[in-house]
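This briefing covers a pocket, a helix and a sheet in one protein model. The model is predicted.

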Amino acid sequence: MSLPSILRERLRLPVIASPLFIISCPELVIAQCKAGVVGSFPALNARPASMLDEWLAQITQELAAHDRAHPEAPSAPFAVNQIVHKTNDRLEHDVAMATKYKAPIVITSLGAREDVNAAAHSYGGVVLHDVINDRFARKAIEKGADGLIPVAAGAGGHAGQLSPFALVQELRRWFDGPIALSGAIASGAAILGAQAMGADLAYIGSAFIATKEANAMQEYKDMIVASGATDIVYTNLFTGVHGNYLRPSVELAGLDPDNLPVADPSKMNFNSGGNQKAKAWRDIWGCGQGIGAVENVMPVAELVSRLAREYDVAREALTAKAAPYRAA
């Protein structure tokens, strides 16, 4: 099945910038879309709930103005992330706001509901659901999601443990719709690699934290630049759901990254456990294993340009490497 036009046209690169809790704000989303990749944000980032209306108005108006001024290079579409979890008492309100502004793409997480999907479909929106295994993927499609975001090992924040090779391979045995692969992708070569293994797009998060427009503390951005794959800790302590976090931030919270207790997975626990003043997502910083490719903090436009250059170089190199081999 070919990609929906919204995921195929107006993109400089086959990339969706993942929604980053607290960090993704209108400035970041607008910069991502103007640079030619899908920008996204969690609806819950807009606090209080009434602010979501303001954010969506700002994003849609600024992107429309950009498109009028630059018809030769229109902006990429934006996405709103909805946390479909029983603890989210804002879901109905946030879905109504996304519907009001006709959010082109809706990303659903931590649960799949037919009514949420139907709301997006009512105006022609596309729903992508993030999953960590084949079983959850099948449930999401059965409930009306249009595409999948397999969150593989190494992804920042809440993540699975399966290899991206294994996960995409299993999904492609039965699903021919849109797939955006998440997991340690922070370079143009990795974007091409995601496509080579069967995904349509790459889903990139951590690299965008280290950008000028991201709503993250400078210390967080600097820690990403200074860290690598071995500085990532996988635990469910901070929210009740397993995810990847920066080891130095865990240590600064007064915890031993190598001896973290296990949280009750049935509860969303936002207390870090060691330092009572350290709260998950504020002081414990989520991050993926791909950050070795992040060498400095830069504007979003520069990051996307770097990814585009690397993508072109990787594509040429792959063609050269494949040349000696005879097609079957």
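The residues that line the second largest pocket are I6, E9, R10, T60, L63, A64, D67, S75, A76, P77, F78 and P104. This pocket holds about 170 Å³ of space. The largest contribution to its lining, four residues, comes from helix α3 (residues 51-69).

**Helix α7**

- Helix α7 spans residues 164-172, and P164, L167, V168 and L171 are buried in it.
- Viewed down the axis of α7, these buried residues fall within an arc of 90 degrees, so they line one face of the helix.
- In general, an α-helix has 3.6 residues a turn, so residues three or four places apart point the same way.
- F165 and Q169 are exposed on the other side of α7.
- The cover over the buried residues of α7 includes α6 (134-142), β6 (147-150) and β8 (180-182).
- At the N-terminal end, α7 is capped by S163, which places a side-chain oxygen 3.1 Å from the backbone nitrogen of F165.

**Sheet β7-β11-β10**

- An open sheet is formed by three strands in the order β7-β11-β10, with antiparallel pairing.
- The edges are taken by β7 (157-158) and β10 (232-235); each has a single partner strand, so one side of each is left without a neighbour in the sheet.
- Two bridges join β7 to strand β11 (residues 243-246) in the antiparallel sense.
- G157 has N244 in β11 as its bridge partner.

Key. Residues are numbered from 1 along each chain as its sequence is written. This is a predicted model: local features need pLDDT of at least 70, side-chain atom pairs count only at pLDDT 80 or more; totals for chains, interfaces and linings use all residues. Side-chain values use heavy atoms; hydrogens and water are left out. Two strands pair if DSSP finds at least two bridges between them. Buried means under 20% relative accessible area, exposed over 50%, partly exposed in between (1.4 Å probe, protein chains only). The arc is that of the directions from the helix axis to the C-beta atoms. Contact means heavy atoms within 4.5 Å. A polar contact is a pair of N or O atoms within 3.5 Å; within protein, one must be able to donate a hydrogen and the other to accept it, and residues adjacent in sequence count only if both atoms are side-chain atoms. On a 1 Å grid over the protein atoms alone, a cavity is a set of points where a 1.4 Å probe fits but cannot get out, and a pocket is an open set with protein on both sides within 12 Å along at least five of seven lines; lining residues have an atom within 4 Å of a point. Grid points are joined across faces, edges and corners, and a volume is the space filled by probe spheres set on the points.
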